[in-house]
Amino acid sequence: MNLDQMQSMWQAHSEKLDECMSLNKTLLQKIQSEGHKSELNKLILARSLEGFLFLVIVAGLWHYVVSSWSLTAPVVSALVLNVFATLGLAGSIGQVVLLSKIDFSQPVRETLSGLIAVRAHGMTIFKLLLLSAPFYMAYVFLGYELVAGIDLFSLMSAETKVIFAIISAVFGVLVALLINQLKPENRSNKLIGWLYREVSGSRLTHLLDQFDNMEKA
């Protein structure tokens with residue numbers, strides 16, 4: 001076998017090896033893509049179920065308001081709680097739309113931004129719950145009406161109403177201050193960092209760290 005034959009055989013072998021590596025790389029990318037799509041489909045299903053739950057709550061509250069329409073504390077409470085339930089429904093719908101648009105073939109920065117928005121959903125719901133916390137008496141008034149048929153507000157003394165109003169106002173100020181600090185850039189604060197880890201999980205904090213490193217690079 002002369003040198004030309006050896007070179008020709010080696011070139012043919014090299015081309016087959018490159019083709020095999022290319023096929024393996026393509027297959028690996030396909031498997032990874034399918035894995036990502038499977039994960040996204042699970043999240044879409046979860047957000048859809050969440051949205052359905054909010055829809056049931058919104059429909060139930062509206063049914064109560066319409067069937068019991070009057071200027072009473074339970075009805076006003078139902079209207080207030082309906083606002084937060086509607087915001088939750090809108091957030092769930094927005095998540096489904098966002099998840100359906102994520103494409104891992106896009107540039108890393110765009111994909112990372114989309115994933116951060118998805119993983120931040122837990123924190124968004126947490127903020128919504130915090131915002132509703134100062135209106136805790138709305139849950140009480142509506143609960144008494146639905147369970148026992150009692151308008152608790154009408155039975156409370158003026159002094160008690162003032163006390164609860166003051167507590168709600170103070171609670172509202174504290175909640176507003178906390179929500180104002182619940183930003184990714186404030187994660188160096190121990191409380192904010194702990195809340196991000198506990199509420200949104202390590203995946204969000206990891207994605208945020210990756211995005212910060214990209215910004216610094």
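These legends describe close-up views of a predicted model, in which local features need pLDDT of at least 70 and side-chain atom pairs count only at pLDDT 80 or more, while totals for chains, interfaces and linings use all residues. Residues are numbered from 1 along each chain as its sequence is written, and side-chain values use heavy atoms, with hydrogens and water left out.

**View 1. Helices H2 and H4 pack together.** H2 spans residues 73–101 and H4 spans residues 121–132. Their angle is about 175°, with axes 10 Å apart. The two are therefore roughly antiparallel (angles over 145 degrees). Axes are lines fitted to C-alpha atoms over the stretch in contact, and angles run from 0 to 180 degrees between N-to-C directions. Helices are DSSP runs (H or I, at least four residues), numbered from the N terminus.

**View 2. Phe84 and Phe135 form an aromatic pair.** Ring centres within 6.5 Å make a pair; planes under 30 degrees apart count as stacked, over 60 as edge-to-face and the rest as tilted. Here the centres are 5.7 Å apart and the planes stand at 50°, so the pair is tilted. Phe84 lies in H2, and Phe135 in the loop between H4 and H5. Phe84 is buried at 12% relative accessibility; Phe135 is partly exposed at 40%. (Buried is under 20% relative accessible area, exposed over 50%, partly exposed in between, with a 1.4 Å probe and protein chains only.)

**View 3. Phe141 of H5 pairs with Phe153 of H6.** The centres are 5.6 Å apart and the planes at 85°, so this pair is edge-to-face. Phe141 is buried at 9%. Phe153 is partly exposed at 34%.

How values were computed:
Angles under 35 degrees count as roughly parallel, over 145 as roughly antiparallel, 65 to 115 as roughly perpendicular and the rest as oblique. Rings of Phe, Tyr and Trp (its six-membered ring) pair if their centres lie within 6.5 Å; planes under 30 degrees apart count as stacked, over 60 as edge-to-face and the rest as tilted.
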